[in-house]
Amino acid sequence: MQKHFSYPLIVEDISSGEQHYHLTATPDNLQEIEEILQVPAVESFEADVYTKLNKKEHLLKVWGNLKATLRLQSVISLEYFLKTYTPEFEVLFDTKATYNTQKEEEVDFDEDIPDIVIDGKIDLAEIALEQLALVLEDYPRQEGEVFEWKSEFSQEEERKENPFKILEKLKK
């Protein structure tokens, strides 16, 4: 599938000053995002993304916020509902690093390791979508819904009876 919702930037062309980009998804883009995130529907998606390149340290800082409204299905009631996400994010890229150079470096797991720029480009839309995917719940539910599990067997009966007698009940 060809990516339509994309905002690629060539790192060499980014100025060292702070830059602002506003991304808004079209209806076709929303359908593509829906397929990427595997959700029932994406109602809206927009992001404000900022970049700042530090050429001396070879670091590219990308930060911003996004607002996305998704139609999700509750895992408890199976009803569809709308939920709006507004995460803020910050990603750091090392413009000179490669996978091989990162393997050779000693890694301090307490610090964030900057991401790698691949083929001299970054994609702001891809970064924003990744940030949205990171805040999505694995098991969405509406506000206030709580899963309550009830056993069909009483705990008192289970203690008194032989466990194999419970299997006899299942046959009937």
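These legends describe close-up views of a predicted model of one protein chain.

**Figure 1. The whole chain and its elements.**
The predicted chain has 172 residues, and buried residues make up 32% of them. Its secondary structure comes to five helices and eight strands. Read from the N terminus, the elements follow the order β-β-α-β-β-β-β-α-β-β-α-α-α. Among contacts between residues at least 6 apart in sequence, 60% join residues at least 24 apart.

**Figure 2. Helix H1 and its two sides.**
Helix H1 spans residues 27-37, and its buried residues are Asn29, Leu30, Glu32, Ile33 and Leu37. These residues lie on the same side of H1 because they cover an arc of only 160 degrees around the axis. Pro27 and Asp28, on the other side of H1, are exposed.

**Figure 3. Strands E3 and E4.**
E3 and strand E4 (residues 59-73) are paired in the antiparallel sense, with 13 bridges. One place to look for this pairing is Thr51, whose bridge partner in E4 is Val62. E3 and E4 form a hairpin that has four residues between the strands. In this hairpin, His58 has a positive phi near 60 degrees.

**Figure 4. Strands E4 and E5.**
E4 also pairs with strand E5 (residues 80-85), in the antiparallel sense and over six bridges. Arg71 has Leu82 as its bridge partner in E5.

**Figure 5. Strands E4 and E6.**
Strand E6 covers residues 88-94 and pairs with E4 over seven bridges, in the antiparallel sense. Within E6, Phe93 is the bridge partner of Leu60.

**Figure 6. The second largest pocket.**
Rolling a probe the size of a water molecule over the atoms shows where empty space is left. The second largest pocket holds about 240 Å³ of space. Which residues line the second largest pocket? The lining consists of Val11, Glu12, Leu53, Asn54, Lys55, His58, Leu59, Thr95, Lys96, Val117 and Gly120. By type, the lining residues divide into four nonpolar, four polar and three charged. One of the lining residues is His58, which also takes the positive phi in the hairpin of E3 and E4.

Phe147 sits in the loop between H3 and helix H4 (155-160). Is Phe147 buried or exposed? Phe147 is exposed, because its relative accessible area is 56% and exposed means over 50%. Leaving aside neighbours within four places in sequence, Phe147 is in contact with Ile76 and Arg141. Ser77 is 70 residues away from Phe147 along the chain, yet their C-alpha atoms are separated by 9.3 Å.

Note on methods
Residues numbered from 1 in each chain as written. Predicted model: local features only at pLDDT ≥ 70, side-chain atom pairs only at ≥ 80, totals over all residues. Heavy atoms only, no water. Buried < 20%, exposed > 50% of the residue type's maximum accessible area, 1.4 Å probe, protein only. Arc of directions from axis to C-beta. Contact = heavy atoms within 4.5 Å. 1 Å grid on protein atoms, 1.4 Å probe; cavity = no way out; pocket = protein on both sides within 12 Å on 5 of 7 lines; lining within 4 Å. Points joined across faces, edges and corners; volume = space filled by probe spheres on them. Nonpolar A, V, L, I, M, F, W, Y, C, P; charged D, E, K, R; others polar. Pairing = 2+ DSSP bridges.
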